[in-house]
Amino acid sequence: MVAARRILEGLATVLLVCFVTFFFTSKMPGSEAAVICGPAGTACVRHESAILYLNHPFFERFFHWLGELLQGNLGVTLAPPEPIGSVIAGAYPITLELIIYSQVIAVVVAIPVAMWSALRANGLFDRLSTTATFATLAIPVFIVGPLLALVFTVKLPWFPGPAANVPSLWSDPGQNLYVMFLPSLTLAIGSIAVYQRLLRADMVATLEEDFIVMARAKGLSTARILFRHALRPSTFTTMTVAGIQVGSLITGAIIVETVFALHGLGSVLTAAVAAKDLPTVQAVTIVVAVFYIVCNVLIDFLYTVIDPRVRRGRRA
Amino acid sequence: MSPKRHVREIIDREDRPLLQVENLKTHFDTDHGLVRAVDGVSFNLARGRTLAVVGESGSGKTVLSRSVMGLLPHQRVIREGRVHFGDVDLTGTTERELRDLWGAHIAMIFQDPVTSLNPVVKIGRQITESLRHHLAMGRKDAKETAIALLRSVGMPEPEQRLNWFPHQFSGGMCQRIVIATAIACGPKLLLADEPTTGLDVTVSAQILDLLNRLQQERYMSMILISHDLGVVTGRSDDVIVMYAGKIVEKAPTTTLFRETRMPYTEALLRSAPRLANASHTRLHSIPGSPPDPSGYPTGCRFAQRCPYGQPRCRVEEPPLRQADSPGHVFACWYPVGTPEGLQALETNLAHNESAAVALVPGEAI
């Protein structure tokens with residue numbers, strides 16, 4: 001019941017995003033026909049405008065575009081003409097991997113650091129990690145990226161530099177994860193700081209709870225108390241923020257792709273914007289928005305997995 | 001079921017009490033000064049006996065129970081004195097070593113059953129956890145033991161309930177689960193810290209009866225902490241009355257009620273409702289509030305609120321001294337039921353001391 005409602009809400013949001021995207025891109029100066037024709041002249045523009053439905057009223061064009069979209073047809077890039085669907089299909093794996101890989105790194109680093117900080121709140125380690133996370137929060141991705149690239153590919157040649165060939169994750173996973181490590185770490189650094197701060201704060205509160213004292217009284221080890229009893233009830237804020245963060249991760253991924261010369265959605269988008277390729281900009285925006293909404297709906301479901309009190313329909 | 005304990009065995013000799021507490025002090029170093037929550041408490045507890053610890057909120061009961069066990073915060077705590085549990089000195093033991101005793105030999109039941117269970121963990125796992133940890137039981141054995149434990153604490157359909165989460169149970173049922181968890185490994189000592197505070201009266205009586213039954217069946221020693229002397233009647237062998245971190249009276253339960261010596265105990269007795277009284281009988285309250293634990297007054301700590309209080313009480317602290325009955329000690333210069341006490345009370349009444357007047361409402365003007 002709840003699940004169905006949440007999915008419907010998600011679909012409504014997607015529809016709204018489609019409308020807003022189409023509205024703003026169609027109001028942008030410059031016509032698609034002009035882009036295609038270049039200096040070819042008015043006859044060409046008139047011809048292309050007819051093909052692209054540019055002379056029809058706004059809502060007619062919107063519903064035509066939406067109808068094509070619902071059939072899975074994202075349109076054609078302006079110049080040279082290529083199906084946008086296949087352009088995106090070729091680019092999205094890099095971006096998706098970058099986001100997932102960075103989040104895995106962020107979680108793996110943030111959880112132990114947050115736990116250790118919370119366990120000895122205001123101790124030396126806590127204060128050091130607080131300082132370190134604030135410092136990383138203050139440095140933007142476009143500084144961190146070149147810096148990491150400089151240190152770990154030039155000064156210390158441990159990783160391949162930008163423009164390295166990225167093999168597919170499925171054919172050569174080891175090499176893929178190795179090449180993608182530095183870009184993913186760059187994207188992860190901001191997330192590490194955010195997750196560490198939030199998780200530490202919630203963990204400090206959880207560790208004050210009666211059930212933690214009871215777990216101690218059972219004679220359990222500190223590690224067991226932290227992982228089995230304290231971690232799950234401390235993750236709610238972190239999860240919510242992780243969902244919201246997906247948006248800034250996508251922005252971050254675009255920058256990281258530029259810095260490390262990766263061919264993901266970010267490079268498709270920047271190229272399309274530069275070329276005034278509006279159909280491609282629209283399509284990428286829609287794909288990214290759908291991804292963002294799907295992530296947040298998934299996180300809503302995750303709450304019910306993590307906290308049994310959110311589940312409904314069982315007797316109380 | 002004969003699991004191998006991988007925790008140390010406790011040598012519990014017949015000729016000596018299971019638990020010996022000598023001059024135990026527990027002070028907290030806070031920003032508002034040194035809080036002397038427990039300030040020199042001594043008692044013994046034999047195997048299979050129940051000791052009740054009674055006092056107002058803030059008298060140090062909870063800290064006493066945690067301190068006996070060693071279950072204290074890691075920082076800014078000063079704990080002095082000796083606690084012997086069987087042949088183990090609990091005060092000279094690291095937390096790592098204490099963990100082998102906690103849950104296995106010493107278990108605790110907390111005030112609020114609903115918050116003492118982890119909301120996101122199935123109750124089955126919360127019960128089996130210590131079985132698997134201390135007794136190295138397999139998953140299946142532990143589950144069967146948990147079912148048996150739940151049945152013994154009066155949980156209907158225990159097989160299905162193992163998969164439930166704490167929020168699906170009432171407060172009374174949660175306390176039964178907490179009790180099942182506490183007794184899982186067969187502890188020798190059970191500390192029950194106001195186990196019925198959050199529960200309604202009938203459930204409260206059921207839980208206390210359950211604790212008594214389990215204590216007798218399993219031959220455990222129990223420390224039952226309560227702010228209510230009525231709860232303690234008939235459910236304990238001995239009673240300690242605590243005030244401001246100290247023992248002010250200690251006696252076998254029946255003796256305490258019959259031969260009350262300490263004015264604070266008398267005040268507590270008068271503040272509890274009794275069935276013998278007519279309904280709508282006004283309950284007495286103790287005027288004033290307990291002293292600030294970061295700066296106790298000199299002399300007797302109860303003197304300011306005491307109907308019997310004399311100038312001497314405010315200067316000289318009364319030591320614990322022997323009463324007529326064996327095992328009965330109290331700390332008072334002008335004890336209840338003695339000529340000195342009576343005279344002190346009359347003097348105070350003559351001077352219209354408010355605490356004394358409050359004690360005898362019929363004569364108040």
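Predicted model: local features only at pLDDT ≥ 70, side-chain atom pairs only at ≥ 80, totals over all residues.
Me: How many helices and strands in chain A?
Reply: Chain A has 13 helices and zero strands; these are DSSP runs numbered from the N terminus, helices being H or I with at least four residues and strands E with at least two. The C-alpha trace of chain A spans about 85 × 60 × 35 Å along its principal axes.

Me: At what angle do α11 and α13 of chain A pack?
Reply: About 170 degrees, with the axes of α11 (residues 236–259) and α13 (residues 278–306) 10 Å apart. Axes are lines fitted to C-alpha atoms, for helices over the stretch in contact, and angles run from 0 to 180 degrees between N-to-C directions.

Me: Parallel or antiparallel, then?
Reply: That angle makes α11(A) roughly antiparallel to α13(A), the label for angles over 145 degrees; under 35 is roughly parallel, 65 to 115 roughly perpendicular and the rest oblique.

Me: Which residues make the contact?
Reply: Among them are Phe236(A), Met239(A) and Ile250(A) of α11(A), and Phe291(A), Tyr292(A) and Ile306(A) of α13(A). Contact means heavy atoms within 4.5 Å.

Me: Switching to the interface. How much area do chain B and chain A bury?
Reply: About 2800 Å² between them, 55% of it on carbon and sulfur atoms. Buried area is the accessible area (1.4 Å probe) that two parts lose on being put together, summed over both. In residues, 34 of chain B are in contact with 25 of chain A.

Me: How many salt bridges across it?
Reply: Three between chain B and chain A, a salt bridge being a side-chain nitrogen of Lys or Arg within 4 Å of a carboxyl oxygen of Asp or Glu. Lys218(A) pairs with Glu129(B) in a salt bridge, their closest N and O atoms 2.8 Å apart.

Me: Which element gives the largest share of chain B's side?
Reply: α4(B), with six residues.

Me: And salt bridges over all chains, how many?
Reply: The structure holds 24. One joins Asp238(B) and Arg49(B) at 3.4 Å, N to O. Those two are 189 residues apart, Asp238(B) in strand β9 and Arg49(B) in the loop between β2 and β3 of chain B.

Note on methods:
Residues numbered from 1 in each chain as written. Chains lettered and ligands numbered in written order. Heavy atoms only, no water.
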